[in-house]
Amino acid sequence: MKAIQMVDLVTQYRKIQTEMDLAILDTVGSGHYINGEAVKEFASGLADYTGSKYAIPCANGTDALQIALMAMDLQPGDEAIVPAFTYAATAEAITLLKLKPVAVDVNPQTFNIDVNKIEEAVSPKTKVIIPVNLFGQTADMETIMQVARDRNLYVIEDNAQSIGSVYTFSNGTKKQAGTIGNVGILSFFPTKNLGCYGDGGALLTNDEELAVKLKMITLHGQSQKYRHEIIGCNSRLDTLQAAILNVKLPHLDSWIKARKKTATCYDSALSSLTDLLEIPYCIPSVDHVYNQYTLKIKQNRDGLQKYLKEKGIPTTVYYPLPLHHQPAFKDKIRAGGDLRVSESLCKSALSLPMHTELDEEQIQYIISGIINYK
Ligand SMILES: *Cc1c(COP(=O)(O)O)cnc(C)c1O
């Protein structure tokens, strides 16, 4: 059996190598390394794929969060609501801009922001909600958009982990994750569902005025060459990364299918181990695209992790600390209510190997490793 990895990017590359190598060499030979044709092609391909009116590539997902916030004319001290259980980048951009992250607890089943706790966290300074579509599953966006409308708040969807997930509203309307809020952000970090071979990111919006501003911010705030309208930054997707993403985007749906198939195998083999664990909970209206397959371990998560490691089965703890316990955010974050669920998930969450190249033998080996754990 091939050694099991959390993510196997090289095997995936081998399967598309001919096409990929050509695209890479073409770009290197073109001499257009910044804002080349491949970037425009990717922006339009991404808009088509997601159904977003505008897609604006940028350097990475963290920049995308910062750029989205910069476009919203916020004042220092204004607040942005975030889930306490997420990757630190979600709150980093907020703090960098001298805004205040307000941490709200998450739903114990979906791991996404608990929409029933958002209202009590809102203060007169709150201007933005940043829900995170965690591990591949969209947050309860219908309720979040309702709260945002009632309170006149912006919504920035941190969709770094859930590109391709389709969300169904109660009236049957379907929209892709990342296209529901005012702005959605994407990351093309190699381990995301659509990953490049370095750093990459994008912003999605249906709002023309915002789109113009977001794009301007990625290019030093320029409205035209050497005319700087607003303070921006330098955050571009390299032509090379765009060319790589142009090769990968047409494969995204089949790669999502492969992830779902693996998740189904895990689900059916592990769902009966109720003394030990809980399998991921999926809401029917939310299409889980499994950037991670994350179990809740009921006791001694670290013992199980160690046991599996000895068997050659890697696992990862996403995330060992909630935002408000991260040293960097300690005195910079406001707790919007109690955060007990997030704290307890940091002790119980365990992510299994999940990628597009897991074969049947590896999946069965991982499953028996868990079943045989005493
Ligand atoms: C990966 C990730 C980011 C940041 O993306 P980068 O491209 O690595 O900067 C932001 N938020 C979440 C939830 C992520 O998983």
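User: Which loop holds His 220, the residue with a positive phi?
Analyst: This is a predicted model, so to speak of local features pLDDT must be at least 70, side-chain atom pairs count only at pLDDT 80 or more, and totals for chains, interfaces and linings use all residues. Numbering runs from 1 along each chain as its sequence is written, and side-chain values use heavy atoms, with hydrogens and water left out. Helices (DSSP H or I, at least four residues) and strands (E, at least two) are numbered from the N terminus. His 220 is not a glycine, yet has a phi of about 60°, and its loop runs between helix H7 (208-218) and strand E10 (222-224).

User: What is the omega of the cis peptide bond at Tyr 319?
Analyst: Tyr 319 is in the loop between helix H10 (301-310) and strand E14 (334-335). The bond from Tyr 318 to Tyr 319 is cis, with omega near 5°.

User: Which helices each supply at least two residues of the shell around the ligand?
Analyst: The shell has 14 residues (a heavy atom within 4 Å of the ligand). Gly 61, Thr 62, Gln 161, Ser 187 and Lys 192 come nearest. The helices that each give at least two shell residues are H4 (61-70) and H5 (89-96).

User: How far is the side chain of Thr 62 from an oxygen atom of the ligand?
Analyst: Let's go through the polar contacts (N or O pairs within 3.5 Å). A backbone N or O atom of Gly 61 is 2.8 Å from a ligand oxygen, and a side-chain N or O atom of Lys 192 is 2.6 Å from one. For an N or O atom in the side chain of Thr 62, the distance is 2.5 Å.

User: How much of the ligand's accessible area does the protein cover?
Analyst: On its own, the ligand has 380 Å² of accessible area (Shrake-Rupley, 1.4 Å probe). The protein covers 93%.

User: What is the radius of gyration of the chain?
Analyst: The chain has 12 helices and 15 strands. The globule rule (2.2 Å times the number of residues to the power 0.38, over C-alpha atoms) gives 21 Å for 374 residues, and the chain comes close to that, so it is as compact as a globular protein of that length. Its radius of gyration is 21 Å.

How values were computed: Polar contact = N/O pair within 3.5 Å; in protein donor to acceptor, adjacent residues only side chain to side chain.
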